[in-house]
Amino acid sequence: MLRSFHQKLQKMAKKEMVKPLLGNKSEIHHCGLQKIDVGILGTGDFARSLAARLACSGYGVIIGSRHPKRTAALFPTMNEVTSQREAIGKVNIIFVAVNHEHYSTLNELRDVLAGKILVDVSNNMKINVCEESNAEHLATMFPECTVVKAFNVISAWALQFGARDGIKRVLICSDSHEAKCVVTEMARNMGFIPVDMGSLSAAKEIENLPLRLFPSWKIPVLISLGLFVFFYIYNFIISVIHPYVVKGQNRFYKIPVELVNVTLPCVAFVMLSLVYLPGVLAAIFQLHNGTKYKRFPGWLDQWLQQRKQLGLLSFFCAILHTIYSLCLPMRRSARYELLNEAFNQVKNGKENAWVEEEVWRMEIYLSFGILAIGMLSLLAVTSLPSVAGSMNWREFSFIQSGFGSAALVISTLHTLTFGWAKAFNSAQYKFYLPPTFTIALIIPCMVLLAKVYLFLPFVNRKLTRIRRGWEVNRQVKFCKGGDASQFSDYQAENTSIV
């Protein structure tokens, strides 16, 4: 009995293993490999990686080269390397893996290219270097061919090692729906996710994508650099210039480490507050307008879209501040200062240097700092697409909004315990300038006070109703269909008929 039971289990397991993971018939069809031959014109790094990926996906690959004997050794033995004319004659789908400036060499192949599907995978060296895209130029040169733009956003590394080690999306555009379907099927069989971008006119935008250097990071990086320069110069005036001018003391040794360490937390703190400031402004706009159906100003809309970058830069500055702080005791200047302080204590006959208030201040200060860096680490991790994709919207919103606000509060307490009573000490105002931490507290405190106001019951209730679709000064009356005469007493611009 026991043996027969195990045999049944094994049969059931085999049946389950045979079943596809995706039960949809269309999805099963997409995963099936189509044993067709495709051609590649070009023998560069991208062409070799593309040939290897196509061969591993079950396609027959024929390489067209101007020097087949010399380049045959660059490709695996499973790939056929022959002349361009012969390769084109054997296939109907051809990947054009040559640079834009070499398209003219294909003119002599016009007779055999007629009626073929040309997949343009090229990119330019600069954005908008030509008026038309490479794919559109290729379509103009060979009007008897069907041109498809695809695979240009995929790197040779991703092609060689599979979609799991690189970007997965393949952007595809063409004026021919049938040709797009063919290339889309090939992309799926190769393990990528095809994205239909429409007609061939979208090729220019697709070709510009790989050339953009962190387009969504430009403004956040400039803001962080601007804050760093401002706080660094401010600290330089207070900590270096003032002692030199007033007392003749040389404090220029603080420039490489100590000034940077004092500047980084200010930048991280302000950047973190800038993450949550646009949300507060958006709520104020909605309360003022009395509706959620009115667009935000362009600058606020862009600000809301770049909160992730601002948060990650804040985390980066906080991590650097942590590392710099751990390295402070290792400096030779710190050791000399410690020895001088100990010598002065002995010289003055002071046996106990314990100050209870300072001890508690530093303990609380460090505790808040550790909590803040831990919470920022969690926020940074959950902002990664792979982690965010594993959470539902409520979980993600709780961490990024609720937990993030708590991180801002902890960071504020960390800064306040650092300052303690310094803000009320006139000796801390060098050149009549307030201490650095007081300036860094301005925006975060404004954000926290605004959040407290928005959490007040009467304000929060109104904001919640607006975000659920309610509008101020709009009347809604329900009636049976076709009975619109009842609305004669209502103003059209202030009435919603449901």
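Predicted model: local features only at pLDDT ≥ 70, side-chain atom pairs only at ≥ 80, totals over all residues.

1. The protein has 21 helices and ten strands. Of its 498 residues, 37% are buried.

2. On contacts, take the pairs of residues at least 6 apart in sequence: 69% of these contacts join residues at least 24 apart. As for the surface, the protein exposes about 29,900 Å², and 62% of that comes from carbon and sulfur atoms.

3. The second largest pocket is worth a look, with about 1,300 Å³ of space. Its lining counts 40 residues, and those closest to the pocket centre are Tyr 276, Arg 307, Ser 397, Gln 400 and Ser 401.

4. Which elements give two or more residues to this lining? They are helices H12 (258-289), H13 (298-305), H14 (307-327), H16 (356-382), H17 (385-388), H18 (393-419), H20 (442-454) and H21 (457-467). H18 gives the most, with nine residues.

5. Finally, a word on Ser 325, which sits in helix H14. Ser 325 counts as partly exposed because its relative accessibility is 28%, and that class lies between the 20% and 50% cut-offs. Val 262 is 63 residues away from Ser 325 in sequence, yet their C-alpha atoms are 9.2 Å apart in space.

Terms used: Residues numbered from 1 in each chain as written. Heavy atoms only, no water. 1 Å grid on protein atoms, 1.4 Å probe; cavity = no way out; pocket = protein on both sides within 12 Å on 5 of 7 lines; lining within 4 Å. Points joined across faces, edges and corners; volume = space filled by probe spheres on them. Helix = DSSP H or I, 4+ residues; strand = E, 2+ residues; numbered from the N terminus. Buried < 20%, exposed > 50% of the residue type's maximum accessible area, 1.4 Å probe, protein only. Contact = heavy atoms within 4.5 Å. Areas by Shrake-Rupley, 256 points an atom, 1.4 Å probe, with all protein chains shown as cover.
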